[in-house]
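Please read the following account alongside the sequence and the coordinates.

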Amino acid sequence: MRLDRQIAVVTGATSGIGREAAVALAGAGAKVAVNHLASEKDAAEAVVAEISKAGGTAAAFAADVGKEDEVVKMFASVIKSYGTVHILVNNAGIQMDAAFTDMTLAQWQRVLDVNLTGQFLCAREAIREFLRRGMQPDISRALGKIICMSSVHQRIPWAHHANYAASKGGVTLLMQTLAQEFSSRRIRVNSIAPGAIRTHINRAAWETPQALEELEKLIPYGRIGETTDVAEAILWLVSDHSDYVQGSTLYVDGGMMLYPGFKDNG
Ligand code: BGC
């Protein structure tokens, strides 16, 4: 699954799924823009160094994806450095959990800003660039590819996480609408919906043996996911091997969506 001569922007690429995606895309030959918050410069440089050491090409680009001026500036500097963009992995996401009656507007707003508005802003800049550049049939069958990082919580309601679940529900229809709007231009837009993947976002759910055992009750396949599980799916979904896949959600969740509570019940 080679991505030679393609330029990929990965948002939130300093840790977790984003970091793994950046490494995997660079390993497949893409030049990777490692997006990070200004405060995460060291972590971003570490990802860039890891990619360079393995023979790949990457550079760090700061932007808070929830801020329009920063996103516009970031895409301009990626295009200045690398010439264009072919792939966007709309990955940056956060949780700010609270019981609903305690949830502050700030907690609601920040999660929506990063997880949903961030995907809107980055997709808009990426698509503007795809359209400006035009087809390069020797590089890819598509004009551009966008992966929207969603979650099983685009479908599974999640108490104490109203902001997060609402943001991922929004991502689903944003993704499908973009796929509908830009199919005729050969822009592919799809989602990946991970289940429980071992990253810092859900550390409390796996860091003790008891917590992990509880978590695994929700996963028919019987193990927590690893970031490599998701990166493999991303590689396929941005490559021409999936050229006819459009407007879809690929669940990478060990079967979490299969309602395991009903196995011996109902
Ligand atoms: C959340 C994780 C959670 C997983 C499964 C993800 O979208 O970010 O915290 O473990 O869904 O519930």
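Two residues are said to be in contact when heavy atoms of theirs lie within 4.5 Å. The model is a predicted one, in which local features need pLDDT of at least 70 and side-chain atom pairs count only at pLDDT 80 or more, while totals for chains, interfaces and linings use all residues. Residues are numbered from 1 along each chain as its sequence is written, and side-chain values use heavy atoms, with hydrogens and water left out.

N35 belongs to strand 2, which runs over residues 31-36; strands (E, at least two residues) and helices (H or I, at least four) are DSSP runs numbered from the N terminus. Leaving aside neighbours within four places in sequence, N35 is in contact with V10, T11, G12, A13, T14, F61, A62, A63, V65 and M74. With a relative accessible area of 2%, N35 is buried, where buried means under 20%, exposed over 50% and partly exposed in between, for a 1.4 Å probe and protein chains only.

Helix 7 covers residues 227-238, and its 12 residues reach 17 Å from the first C-alpha to the last, close to the 16 Å expected at 1.5 Å a residue, the expected span being 1.5 Å times one less than the number of residues. Its buried residues are T227, V230, A231, A233, I234, L235, L237 and V238. These buried residues pack against helix 1 (16-27) and against strand 4 (87-90), strand 5 (144-149), strand 6 (187-194) and strand 7 (249-252).

Turning to the ligand, the residues that surround it are Q95, S151, H153, W158, Y164, G195, A196, I201, N202 and M256, each with a heavy atom within 4 Å of it. By class, this shell has 5 nonpolar, 5 polar and no charged residues; Ala, Val, Leu, Ile, Met, Phe, Trp, Tyr, Cys and Pro count as nonpolar, Asp, Glu, Lys and Arg as charged, and the others, Gly among them, as polar. An N or O atom in the side chain of Q95 is 2.6 Å from an oxygen atom of the ligand, and a polar side-chain atom of S151 lies 2.7 Å from a ligand oxygen atom.

Most residues other than glycine have a negative phi. R5, however, has a positive phi of about 70°; R5 lies in the segment before strand 1 (7-10) and, at 51% relative accessibility, counts as exposed. R186 likewise has a positive phi, of about 65°, and is found in the loop between helix 5 (162-182) and strand 6.

Definitions and conventions: Polar contact = N/O pair within 3.5 Å; in protein donor to acceptor, adjacent residues only side chain to side chain.
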